[in-house]
Amino acid sequence: MANAARVHAIEGGRDVGGYTMIAFGGGAPLHAAAVADKLGMRKVLIPKGAGVGSAIGFLRAPVAFETALSWVQRTDALDIAAANAKLQDVARRARELVVSASAAAPVEDRRVLMRYRGQGHEIEVRLPSRELVEADRAGIEQAFIGEYTRLYGRSIPGLATEIITWLVAVRSPVPPPQRLPEPPAPSRAAPVAGRREHTDARSGRRESLDLVERAELVPATSVEGPAVVVEDETGTYLPRGWRATSNSQGDLLLTRTRDGGTA
Amino acid sequence: MTNALAGFRLQLIWDRLIAIVEEQAQTLIRTAFSASTREAGDLSAGVFDPQGRMLAQAVTGTPGHINTMAAAVGHFLREIPAAEMVEGDVYITNDPWMGSGHLNDFTVVTPVHHAGELVALFGATVHVIDIGGQNSGVNARDVYEEGFYVPIMRLASAGRLDETLLRLLRGNVREPVQVEGDLYSLMACNRAGAQRLLALVDEFGTDALRQAGEHILQASRAAMLRAVAQAPHGSWDAVMEIDGVDEPVRLALRMTIDAEGIHVDYTGTSPASRYGINVPRTYCAAYSSYAVRCVIGPEVPNNAGSLSVIRVDAPAGSILNPQRPAPVCARHMIGQLLPDAVFGALRQVFPDRVPAESSSTLWNLRLASDVGSARPFMITTFNAGGMGARPDRDGLAATSFPAGVRNVPMEITEAITPLVFWRKELRAGSGGAGRWRGGDGQVIEVGHRYGEAFSINATFERVVRPARGAAGGGNGAVGIVRLSSGRLLQPKGRQPIPAGERLVAEMPGGGGIGDPRQRDRQLLARDVAHGYLAPGQVRDFDPDLLQQERA
């Protein structure tokens, strides 16, 4: 999992160390802090209802409609007028649908699937979200070459490229989240509901974990690892060197309290 | 770290290596130009330790490429010592004896360095659509006629491509765009594997990787030896005669099992042919080992450790160990039949584990436009006849065994050529009768959209000698290649499909196992209901029906 995150981040040109990890799903809170350790991250957020995070996310996701249009075009011979007409038509119908479910002005995203002529599989390339002009033929080909080089290390000189599929995605805007007040500094430990024996995978040592009920971890309380914060839908494992507190919304905030948390 | 955790970590690294080479193979498929690679999975991909021993191979792939590649990397290391390898190097060859058996197959090997130290090598092989020369078929008189030869050499040196090699290659092949594109794909897939491996090294360290490599080889070899220990010690002989070109070819072998492992010796096999059906020793060993591994220790992962338990020999000058410059282009024809020959010996030791003979040799349709056509094309579509029945179930219909490649979908071929597939259907009743039926072959009828003439380059087997049944099972049907007008074509060689005619290929069936009268009646009823049997064939299974008809 850490490898996948690292690879994904590297491909996006980002260093994850300074980010906050958000973990949800039935299994993620069990592993989140350990994965964060491997990635050199110091902060993890376990949202309220993390165990059913996907369901909550689905309900709160923006309204969206995506169209994939199959229309093969050699990039260097792209019919610009026809492309604009098709994209406009597709976008208009998608906008009508999205706006019927969400009144706010929708956001549009355009991409194409492209390959070298003779290949059988495509890669995704972004299009400008405006009417295309003649100069865009070269621009789209450059974007493909850049993306291909990023993925596979080398582009192939002198080979024609082609566009296979045109993707237009329209979605309702996501309102910016409201800022929550800073949670108060923790002043007391959350009550311990029990203990469990556990072997730490890295050190091989037996440890005693404190069990804390999530409902008891209210703002101004904290729990120090090694511990597990338990709730109905999941459990959050806190390794040694991590602390958990809560904000006013009921989200858990995990922070690494000392360096060498990977020991 | 406790022993249990250390063992757990070794297994974790092994699993990760298997996932890495699978991703390597997928990258190859996604970027390949050759239709056989991207549509049929005709490829190999694997990771090797710095001594050139294969640690893991991608599941996607075919034994002819995988097991030859397992040997090839050792040849690369002899030509280019590890101490001379630097980051950014890429090595290449299409040497039939060092690589994968014929000039169409390019093997590319990429070293992986960590902090200046060689920690692994990635290898991958694809079959390119054209390599110049005769390119396919049996008619070349020596390997020089068969196409453009690239000895083991650098394709890239410290990151710089050898432009001279690429220029020469482009000038010597009929499809320079596709062929060069495939070389780029091979470089890309090895690079993807290398990146994932370096991430693994970052996490676990080079010592752990080295330990995992040793563990993989030792554990796999030990597991294979345990599997071999189930067999009695001794020697068993088998003979199988196949069509050949203008005279039959005799495949004779002696399989010996002892405490060291399994030895397959092909002394007694026909000598090298003047046609391009000779099988370089590495390809012979690849399919022979595969056959043994199907029956003994099939669950043990395939790597240098598990393969080390099997030795395959053929006398120098044999059709299975031809010497340079013998022609070898169509080595798959006999190579893919070798498992059937080896099964002839294995069946005497493990009758309950060995299938009947299969159609085996792929019935690939190599079709091309005539010279000067306004719509030039050249394709190979992979197709399979029936697989032999298995000891406890029917053989698979129209499924490639032992090559294990996918049939290329008609839609793909129709999208890139002016050909139209009029029929692609099961060949009813072509599977041999038995308690367990042999798999049915298939019938393909293909023509030109505009009625132009085109040509086929045929290398078809099991046209005269069928796949044999076992333990009382019937033989599979022989294959037929003809024109739609009825005229038979030759099973070997380049022949025209005249304007307006269509090609019809009726592919062989696999052999059956066991007495057909013992076949489960419900299965038989299903066979009849689904039209799997030829007219009247049900009588082979149910003599009572014959009685009823007479009554």
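How much area is buried between chain B and chain A, and what percentage of it do carbon and sulfur atoms give? The area is about 1,900 Å², and carbon and sulfur atoms give 56% of it. Buried area here is the accessible area (1.4 Å probe) that two parts lose on being put together, summed over both.

## Basis of the model

This is a predicted model: local features need pLDDT of at least 70, side-chain atom pairs count only at pLDDT 80 or more, and totals for chains, interfaces and linings use all residues. Residues are numbered from 1 along each chain as its sequence is written, chains are lettered from A and ligands numbered from 1 in the order in which they are written, and side-chain values use heavy atoms, with hydrogens and water left out.

## The interface between the chains

On the chain B side, 23 residues are in contact (heavy atoms within 4.5 Å) with 24 residues of chain A. Three residues stand out: B:Arg30, B:Phe33 and B:Tyr184 supply 28% of the area that chain B buries against chain A, more than any other three residues.

Salt bridges between chain B and chain A number zero. A salt bridge is a side-chain nitrogen of Lys or Arg within 4 Å of a carboxyl oxygen of Asp or Glu. Five residue pairs, both at pLDDT 80 or more, are in polar contact across the two chains. A polar contact is a pair of N or O atoms within 3.5 Å; within protein, one must be able to donate a hydrogen and the other to accept it, and residues adjacent in sequence count only if both atoms are side-chain atoms. The elements giving two or more residues to this side of chain B are helix H1 (3–31) and H6 of chain B. H6(B) gives the most, with ten residues. Helices (H or I, at least four residues) and strands (E, at least two) are DSSP runs, numbered from the N terminus.

## Nonpolar cores

The largest nonpolar core has 83 residues. Such a core is a set of buried Ala, Val, Leu, Ile, Met, Phe, Trp, Tyr and Cys residues joined through side-chain atoms within 4.5 Å. Buried means under 20% relative accessible area, exposed over 50%, and partly exposed in between (1.4 Å probe, protein chains only). A:Trp166, B:Leu17, B:Phe106 and B:Leu197 touch the most other members. Helix H6 (residues 176–204) of chain B gives the largest share, twelve residues. Another core, of 58 residues, lies apart from this one; B:Ala291, B:Ile310, B:Met333 and B:Leu338 are among its members.

Beyond its neighbours within four places in sequence, A:Trp166 has contacts that include A:Trp71, A:Leu87, A:Arg111 and A:Leu132.

## Salt bridges

Over all chains, the structure holds 58 salt bridges. A:Glu108 pairs with A:Arg95, with the closest N and O atoms 2.6 Å apart. A:Glu108 lies in strand S4 (residues 107–116) and A:Arg95 in helix H4 (residues 80–101) of chain A, so the pair ties together parts 13 residues apart in sequence. A:Glu124 bridges to A:Arg111 at 3.4 Å. A:Glu124 is partly exposed at 41%, whereas A:Arg111 is buried at 12%. A network of salt bridges links A:Glu66, A:Asp109, A:Arg111, A:Glu124 and A:Arg126.

In chain B, B:Asp89 forms a salt bridge with B:Arg154 at 3.9 Å. The two are 65 residues apart: B:Asp89 is in the loop between helix H3 (63–79) and S3, B:Arg154 in strand S6 (residues 153–157). B:Asp89 is buried at 2%, and B:Arg154 is partly exposed at 28%.

## Two buried loop residues

B:Asp95 sits in the loop between strand S3 (90–93) and strand S4 (105–114) of chain B. B:Asp95 is buried, at 3% relative accessible area. Its side chain reaches the backbone nitrogen of B:Trp97 at 2.7 Å and that of B:Met98 at 3.1 Å.

B:Ser359 lies in the loop between helix H11 (338–349) and strand S12 (365–369) of chain B. B:Ser359 is buried too, at 2%. B:Ser359 and B:Arg468 are 109 residues apart in sequence, yet 9.5 Å apart C-alpha to C-alpha.

## Cysteines

B:Cys329 is buried at 8%.
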